[in-house]
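Take a look at the model below.

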Amino acid sequence: MQWWNDFVEWVTSAEVRPMLFAAALFIVAVVVSSLVAAGASRRALRAIVDQRDREQKNVAILALVDAATEASVWNSLTPQEQVLSDRAVAQADTLVRLSPIKGAAVAADWANHQLHEMKRNSATFGYELDPVVEDFRDRLVEWSKKPARARKDFDGDLRRWRAESTGSEQALVAEQESWVAKQHHEQYAAVKPASTAPAARPGDITRSTGGTINTSTTQRIIDDVAVLEAERKQSSVS
């Protein structure tokens, strides 16, 4: 125990107290600087994550607004353009659902319903969808700024739509949409062969007005005239 008594006596001596105070001050400074550095690093990392989330959210909103613009003229798009638009909507929907913003899933459901309604109403003659697209854009921008408040509004709209829709109405709407899609594809299927008709061949006869007459058609006319002449001569002889 003698060494312990010597150590205690050394620590409590007046000569050692300044050294112990300096060592304690150094340790406290190291701890405080470590905490400050950790806090600064955490804030910087959080800022990077928030910036990435904002960029992801903005890209998703821009994609949804662009999809709404195409949905407003859905019936005038070609089948290939409709497929590309559906793929863009699916990617935007996934980005929204993966977003860490509060109410992201509710916002995605609301956007899908609105896009579906725009596609269905685009087949109605004279239906103006520009105000609907603008309201769609404004609601999504509001959700990006105030997600908690916008989530309540989206949830209220979804509940109201579910209450208004019935089984018979849904079946009628689905049948109507199927018929419109069938007519749309038949329309473009009928236009496609006409647009791919072969061009006039070099052997075609060219009129002075710039039009073309097929050689086989001209030969058929000549043969018909020859048959008529032969019949006329035969009738005159008899």
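What follows is a short tour of this structure, which is a predicted model.

Start with helix α5, residues 130-145. At 1.5 Å a residue, its 16 residues should span 22 Å. The end C-alpha atoms are 23 Å apart, which agrees. Now look at its sides. Val 133, Phe 136, Arg 139, Leu 140, Trp 143 and Ser 144 are buried. They cover an arc of only 140° around the axis, so they sit on the same side of α5. The cover over these buried residues includes α2 (17-71), α3 (79-98), α4 (104-121) and α6 (147-164). The face turned away from the buried side carries the exposed residues Pro 131 and Lys 145.

Next, the surface. Trp 3, Trp 4, Phe 7, Val 8 and Trp 10 make a nonpolar patch of about 580 Å². Trp 10 lies in helix α1, residues 2-11. Its relative accessibility is 45%, so Trp 10 counts as partly exposed.

Then the charges. The structure holds 10 salt bridges. One of them joins Glu 117 and Arg 120, at 2.4 Å from N to O. Both residues lie in helix α4, three residues apart, about one turn. Asp 157 is buried at 14% relative accessibility, while Arg 160 is partly exposed at 39%.

Arg 52 and Asp 53 form another salt bridge, with the closest N and O atoms 3.6 Å apart. Arg 52 counts as exposed at 52%; Asp 53 counts as buried at 13%. Finally, salt bridges link Asp 93, Arg 97 and Asp 109 in a network.

Definitions and conventions. Residues numbered from 1 in each chain as written. Predicted model: local features only at pLDDT ≥ 70, side-chain atom pairs only at ≥ 80, totals over all residues. Heavy atoms only, no water. Helix = DSSP H or I, 4+ residues; strand = E, 2+ residues; numbered from the N terminus. Expected span 1.5 Å × (residues − 1). Buried < 20%, exposed > 50% of the residue type's maximum accessible area, 1.4 Å probe, protein only. Arc of directions from axis to C-beta. Contact = heavy atoms within 4.5 Å. Patch = residues over 30% accessible without salt bridge, like charges linked within 9 Å, V, L, I, M, F, W, Y side chains within 5 Å. Areas by Shrake-Rupley, 256 points an atom, 1.4 Å probe, with all protein chains shown as cover. Salt bridge = Lys/Arg side-chain N within 4 Å of Asp/Glu carboxyl O.
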